[in-house]
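Biologist: I'd like to go through the words we use for this model and see what backs each of them. Can you take my questions in turn?

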Amino acid sequence: MAEWTTLAAAIAAHVQDGDCVAMEGFTHLIPFAAGHEIIRQGRRNLSLVRMTPDLIYDQLIGAGCAAKLTFSWGGNPGVGSLHRFRDAVENDWPGPLEIEERSHSDLANAYVAGAANLPFAVLRGYTGSDFAHVNDRIRGVTCPFTGEVLAATPAVRPDVTVIHAQRADWKGNVHLWGILGVQKEAVLAAKRAIVTVEERVRSLDAPPNACILPSWVVTAVCEVPRGASPSYAHGYYERDNVFYRTWDQISRDRDRFRAWIDQHILKTEDFAEYLSLVGDPKVQAVYQ
């Protein structure tokens with residue numbers, strides 16, 4: 001059952017060195033606050049999984065938290081490369097990074113297989129592609145009914161999945177809406193799940209067919225207003241496009257990156273202090 005706790009306590013209890021960690025959220029609801037806390041607590045040798053490792057994983061990789069990355073696309077959306085990711089792959093800085101590249105359809109199906117406690121997923125998505133030449137974990141399996149050869153790919157079963165959502169009730173039931181990626185499947189596939197939310201409410205008052213994660217699939221819930229910034233949370237705040245452009249310059253240089261991490265994450269107590277430091281105009285309103 002879900003336990004309401006602080007983000008620092010949730011990360012300390014449920015994210016350990018060497019864990020396989022999935023941090024999902026597509027375009028919005030990206031759990032930046034949780035990513036910062038993992039850096040702040042100095043986790044190491046993590047096997048990170050994310051369909052689109054954008055800025056949040058660039059920060060984790062550059063901070064030395066990651067030993068492996070499983071992904072299907074990587075970049076700074078609308079801007080360019082992830083320079084800390086590239087530096088790790090090309091130059092082993094700050095350490096070697098093992099990569100496992102898959103397709104979007106592969107990872108989406110792999111999360112579904114993990115949620116169903118199946119060992120692998122089956123798909124047609126690799127027909128005509130060269131992915132099998134760069135990832136030897138993509139295998140073929142013959143359909144026992146038609147004889148068709150399909151692609152088989154290992155299920156994803158994270159030790160812990162971390163997501164951000166709009167709200168949760170006092171029992172820990174979570175409600176999220178807007179563009180949904182694979183958050184639900186990633187939570188159901190995980191051994192443990194941490195959810196940060198914009199607010200705690202007495203009642204979700206969710207409409208029919210809403211995406212609800214029941215409290216019994218969530219391990220910890222943490223109230224972290226603006227916890228997805230600089231991405232956005234539908235219905236709460238917009239994307240900080242300026243930060244995404246600025247990050248391109250910050251992350252290009254190792255020394256500038258380390259200075260940014262040190263000042264904005266390692267020397268801040270929590271995400272609220274980080275937001276105050278970067279001058280988020282809404283901070284005083286939500287953290288007063």
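What follows is a short talk about helices, a cavity and a pocket.

Modeller: Ground rules. This is a predicted model, where local features need pLDDT of at least 70 and side-chain atom pairs count only at pLDDT 80 or more, while totals for chains, interfaces and linings use all residues. Residues are numbered from 1 along each chain as its sequence is written, and side-chain values use heavy atoms, with hydrogens and water left out.

Biologist: Why is H2 called roughly perpendicular to H9?

Modeller: The axes of helix H2 (residues 32–40) and helix H9 (residues 254–266) come within 10 Å and cross at roughly 105 degrees. Roughly perpendicular covers 65 to 115 degrees, with under 35 being roughly parallel, over 145 roughly antiparallel and the rest oblique. So H2 counts as roughly perpendicular to H9.

Biologist: What makes the contact between H2 and H9?

Modeller: His36, Ile39 and Arg40 on the H2 side, with Trp260, Ile261, His264, Ile265 and Leu266 on the H9 side. Contact means heavy atoms within 4.5 Å. By class, that's five nonpolar, two polar and one charged. Ala, Val, Leu, Ile, Met, Phe, Trp, Tyr, Cys and Pro are nonpolar, Asp, Glu, Lys and Arg are charged, and the others, Gly among them, are polar.

Biologist: Why is helix H3 called mostly covered?

Modeller: Eight of the eight residues in H3 (residues 55–62) are buried, and buried means under 20% relative accessible area with a 1.4 Å probe, protein chains only. Leu55, Tyr57 and Asp58 are among them. After H3 comes glycine 64, with a positive phi near 85 degrees.

Biologist: What makes a space a cavity and not a pocket?

Modeller: On a 1 Å grid over the protein atoms alone, a cavity is a set of points where a 1.4 Å probe fits but cannot get out, whereas a pocket is an open set with protein on both sides within 12 Å along at least five of seven lines. One cavity here reaches 30 Å³ or more, and the largest cavity holds about 30 Å³. Its lining includes Glu24, Phe26, Arg50 and Val182, and lining residues have an atom within 4 Å of a point.

Biologist: And which residues lie nearest the centre of the largest pocket?

Modeller: Thr6, Leu7, Ala8, Val224 and Asp270, out of 16 lining residues. About 250 Å³ of space lies in that pocket. H2 gives the largest share of the lining, three residues, and by class the lining is nine nonpolar, two polar and five charged.

Terms used. Points joined across faces, edges and corners; volume = space filled by probe spheres on them. Axes fitted to C-alpha atoms, helices over the stretch in contact; angles between N-to-C directions. Helix = DSSP H or I, 4+ residues; strand = E, 2+ residues; numbered from the N terminus. Buried < 20%, exposed > 50% of the residue type's maximum accessible area, 1.4 Å probe, protein only.
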